[in-house]
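Subject: Structure for you to look at

Dear colleague,

I am handing over the structure that we talked about, with the sequence beside it. Please open both first; my notes on what was found follow below.

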Amino acid sequence: MAPASLEMSQLRPVDHANLAGSSSTSVSGTTLTVPGSVSTATPRKNRSASPQNRYKTVPDPAIPSKMSHMPPTITAHLPRVNHDDVFKAAFPLWDKDISELLECDYDSMAPYHLTPDEEGEKVRAEITRLASVVEKSDNVLLFTPRNNNCVAAFKASKDGYIALADVVAYVVRALRICRVDNDSISLLNAKIDISPEKFKLALARLDPDFYIKKKSQTAQSKDGTVAPAPAVPSYESCCDLVDFITASIARVMTQMANGDSWHNSVLAVLAKLAAKMKMLLDDLENITITALSNGESALESYMCTFGKSNGSQETQLPDPETIFRESSKSGSGDTFYMHCVEQQKIRAGPHSYVGYVLQALGGSSESGSEPGLPITAYEMLSVVIDTGYEGFKSHLCQDRDYEFSSTSDRDDLNFAHPGFNILIESIEHIRSRDRDVPIHRPPPPRSQDPAPLTTKIEWGYATDGPLGKTANGASLESSLAELELRTMGDIASVMTPLFLTSPYIACNAKSFLNMFYLTADVADEVRPYPEVPYNVFVRLYTSSFRAPNATNVLQLADAIHKDLFSRDFLLEPHASRGGIIPRIQGLLPRKKTDPSHELQRLMDEMSAWVYVQNAVIIRCRFYVFMTMVFAGVLVGGGLTIGLALGTRLKGVDPFNITVYAWALAAFLALVAKSIKVRDWAWADFLHGRVVCRSVSELSSMTGYSTQLILAKLLHDEKESILMTRGPYNSVFEHRAKDDSDGFSIDLPVKTRTLLLSGLTMLKVETPLGHGLVCLDARRGSPYSSIVHRSCGEKKTKELICQDIDRLKLPNSNKKGNGAVGIALPMKWSEKLEWRRIEGVYSELDAAYV
């Protein structure tokens with residue numbers, strides 16, 4: 001899901017009493033007691049159940065050596081948490097005699113009439129809970145209910161999804177209050193990522209009228225009658241969700257990197273945030289009014305101190321990361337400022353992850369105010385596979401709103417791995433638990449009744465090879481496991497870590513870790529854990545999901561199932577006319593061979609290519625040697641004829657034949673030197689090398705398919721100095737300013753070749769038709785995303801094709817080898833606007849001109 005500001009989901013009418021499922025208690029495995037802070041919160045009437053028994057543990061099974069659905073246990077990544085050090089990180093001013101700084105305590109509960117001792121007790125309870133989660137490897141994080149009235153016990157139904165969205169909406173309100181409180185401090189003391197305009201918007205979202213208007217929009221039913229008022233989520237459900245989300249983020253972040261300062265900072269921020277959110281949820285409506293009043297007072301104080309002109313002239317805020325780095329170099333300075341900068345720095349990551357998960361978990365609004373799909377109709381997909389020309393790893397993601405993102409950055413893949421570990425462990429535990437529980441299925445619906453809503457997850461995991469590659473040649477789809485999720489607790493248990501594997505989260509985590517490392521003390525050791533190769537496929541979907549109905553489009557899951565991103569499929573000669581390696585002009589044997597083995601041989605040969613700014617230099621000693629041998633035979637033969645004939649032919653000088661032979665040898669050598677390359681210097685020719693200045697010249701000299709050469713050039717572009725020129729170089733980023741200079745891309749690239757290079761074309765719906773937008777996942781590419789409603793001014797250019805419905809060549813419908821497929825003009829532009837994404841463009845033989 002693309003990052004966006006948090007909007008509260010609409011509270012919808014729901015009968016919570018009829019949603020509880022029959023199997024809400026643990027049936028297998030031992031129980032890890034995780035102390036929470038609910039018991040230490042402000043007393044509330046009719047509150048039942050303790051915060052215990054929420055996180056179940058199961059022993060890790062043995063890991064098979066090849067294909068597996070279960071990730072290995074990460075025993076080396078378990079921190080040893082010192083509770084006192086974490087507490088000091090949560091309260092850096094606790095033991096310091098700086099009374100004036102106490103008003104700058106971030107995530108403080110003092111504005112809501114809690115004493116320091118009461119606040120410290122709550123935070124210590126949260127530290128104990130989070131420490132027990134990250135210190136042990138034999139527990140599985142699950143969103144389990146404390147009683148049948150909690151949302152985690154509700155059945156996986158439409159009402160269950162609505163109830164979960166209501167709980168998320170309530171928790172989001174608490175998170176917003178925490179942010180407003182912190183921004184009030186930052187606005188007055190260290191205005192880094194906040195401005196008066198942004199703060200006013202945050203206050204507007206806290207206003208109770210904002211939520212009343214949201215509720216009133218759903219008060220009328222379709223028949224015009226007044227619907228019942230939305231039910232307020234239970235306090236226990238809200239606290240359970242806070243516990244589960246913060247525990248998941250704590251485990252993911254502590255398994256990303258090692259270092260006491262890193263672990264202490266992450267756990268301190270999450271513990272203090274969780275404690276405050278639970279306190280706010282206890283009396284949210286009244287506390288919201290108090291928070292709004294405090295925020296308005298802070299804004300008024302800012303305006304009185306700095307003046308209205310100061311706020312109105314600030315149109316662009318400086319980069320927060322730059323300020324964090326610069327402040328770490330300054331050392332001493334304003335005590336207020338340095339303290340506020342440090343507190344904002346350590347909260348930048350955890351707070352944004354909590355907000356991201358809540359936004360994604362709440363789903364989209366059924367009224368259509370959000371750009372995505374209804375909360376009960378979705379398909380989420382996260383896959384890490386070997387793809388591309390050299391089999392590099394790429395992470396492709398389709399989120400709940402049918403938006404796409406990707407990354408091929410190795411650090412991003414490494415930071416996504418802990419989330420996948422939690423996810424696969426949770427799935428395996430749910431499957432093993434459900435095996436021992438009899439499934440009470442309802443009777444089949446009558447023909448006139450709608451089919452019941454079901455939620456399923458499909459997954460596979462491997463650490464030592466591609467998914468689905470076994471000795472018997474099994475396909476990817478046949479190697480995946482599938483499981484139906486029966487409760488909202490199970491759904492949230494897999495959905496939350498799935499959100500934490502997002503390329504956006506991984507990219508953000510890398511930036512946050514870089515900033516944390518560069519601004520930490522020199523003595524602090526903060527190092528990411530070593531990379532572990534892995535491939536994974538996870539698909540979470542509901543039975544009511546329907547993909548957009550469009551031509552020449554595949555869902556990402558279908559594309560993965562059909563091995564559309566597999567090198568073997570992309571290199572199959574029979575997969576499309578021409579193929580990538582169509583018996584490369586006689587160089588490949590005619591017998592049936594493994595395309596991957598042939599590709600590996602060609603890769604070894606192409607690795608010797610040398611890139612210069614406007615050409616590719618290759619070795620061609622065999623070609624030169626054969627040319628010189630043939631010319632030498634003519635020269636030697638002519639000389640032999642002259643010497644052998646002597647005076648036997650009267651009136652004929654036999655050495656004239658020698659001259660003719662020599663002239664023929666020179667002519668053939670000249671033809672051999674000029675027929676494949678336009679300009680071939682004799683020095684290069686005699687040294688057995690050639691400077692190729694176009695794709696056609698390179699193909700002519702090597703005998704390789706032009707599409708394979710284009711795939712190689714696209715694959716190496718980010719690390720080479722090669723500059724390209726037209727007429728078909730629009731797909732390349734490194735383009736020469738002068739068309740007369742640069743390596744000529746004189747043949748169009750096809751969709752199949754783009755996929756082989758890590759570029760995926762997505763079909764989008766534009767105001768006047770359809771277009772294509774490129775999702776860049778080439779080797780080493782950072783986070784990239786394609787989202788719905790891409791309108792207005794854009795900061796970066798995108799690789800696009802416009803009006804593809806009209807772009808067919810006149811002979812595109814002819815059959816035969818001479819037929820030409822679809823030709824699509826491609827360019828870099830920021831002007832294409834679209835409303836929604838339809839899927840992966842599947843016309844593999846479309847040429848981009």
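I would begin with a pair of residues in the sheet: cysteine 397 has serine 405 of β7 as its bridge partner. (Helices, in H or I runs of at least four residues, and strands, in E runs of at least two, are taken from DSSP and numbered from the N terminus.) Before going further, please bear in mind that this is a predicted model, in which local features need pLDDT of at least 70 and side-chain atom pairs count only at pLDDT 80 or more, whereas totals for chains, interfaces and linings use all residues. Residues are numbered from 1 along each chain as its sequence is written, and side-chain values use heavy atoms, with hydrogens and water left out.

The sheet

β6 and β7 are joined by four bridges and run antiparallel; two strands are said to pair if DSSP finds at least two bridges between them. The two strands form a hairpin with five residues between them, and tyrosine 402, in the loop between β6 and β7, has a phi near 60°, which is a positive value in a residue other than glycine. Most residues other than glycine have a negative phi. Tyrosine 402 is buried, at a relative accessible area of 3%, where buried means under 20% relative accessible area, exposed over 50% and partly exposed in between, with a 1.4 Å probe and protein chains only. Asparagine 552, in the loop between β11 and β12 (553-554), also has a positive phi, near 55°, but counts as partly exposed at 34% relative accessibility.

Valine 383 stands opposite phenylalanine 537 in β11 and has leucine 396 as its bridge partner in β6, while isoleucine 385 is partnered by serine 394 in β6. Both strands are mostly covered, with eight of the nine residues of β5 buried and six of the seven residues of β6 buried. Further along, eight bridges join β8 (residues 455-462) to β11 (residues 535-542), and lysine 456 stands opposite tyrosine 541 in β11. (Contact means heavy atoms within 4.5 Å; axes are lines fitted to C-alpha atoms, for helices over the stretch in contact, and angles run from 0 to 180 degrees between N-to-C directions.)

The cores

The largest nonpolar core has 125 residues, and those with the most contacts inside it are Val171, Leu241, Trp262, Leu281, Leu358, Ile457 and Leu540. Such a core is a set of buried Ala, Val, Leu, Ile, Met, Phe, Trp, Tyr and Cys residues joined through side-chain atoms within 4.5 Å. Helix α3 (residues 158-189) gives the largest share of this core, 16 residues. A second, separate core of 42 residues includes Val624, Trp680, Phe732 and Leu772. Not counting residues up to four places away in sequence, tryptophan 262 touches Met253, Thr254, Ala257, Phe512, Leu513, Phe516 and Val526.

Helix packing

How do the axes of α3 and helix α8 (residues 284-306) cross, and at roughly what angle? The two axes come within 10 Å and cross at roughly 20°, so α3 and α8 are roughly parallel to each other, a term used for angles under 35 degrees. Residues that meet in this pair include Tyr170, Arg173 and Ala174 in α3 and Leu284, Glu285 and Ile287 in α8. Helix α21 (residues 695-702) and helix α22 (residues 706-716) pack at about 115°, with their axes 9 Å apart.

The chain overall

The protein chain comes to 23 helices and 26 strands, and 53% of its 849 residues count as buried. Among its contacts with a separation of 6 or more, 78% are between residues 24 or more positions apart.

With best wishes

Definitions and conventions:
Angles under 35 degrees count as roughly parallel, over 145 as roughly antiparallel, 65 to 115 as roughly perpendicular and the rest as oblique.
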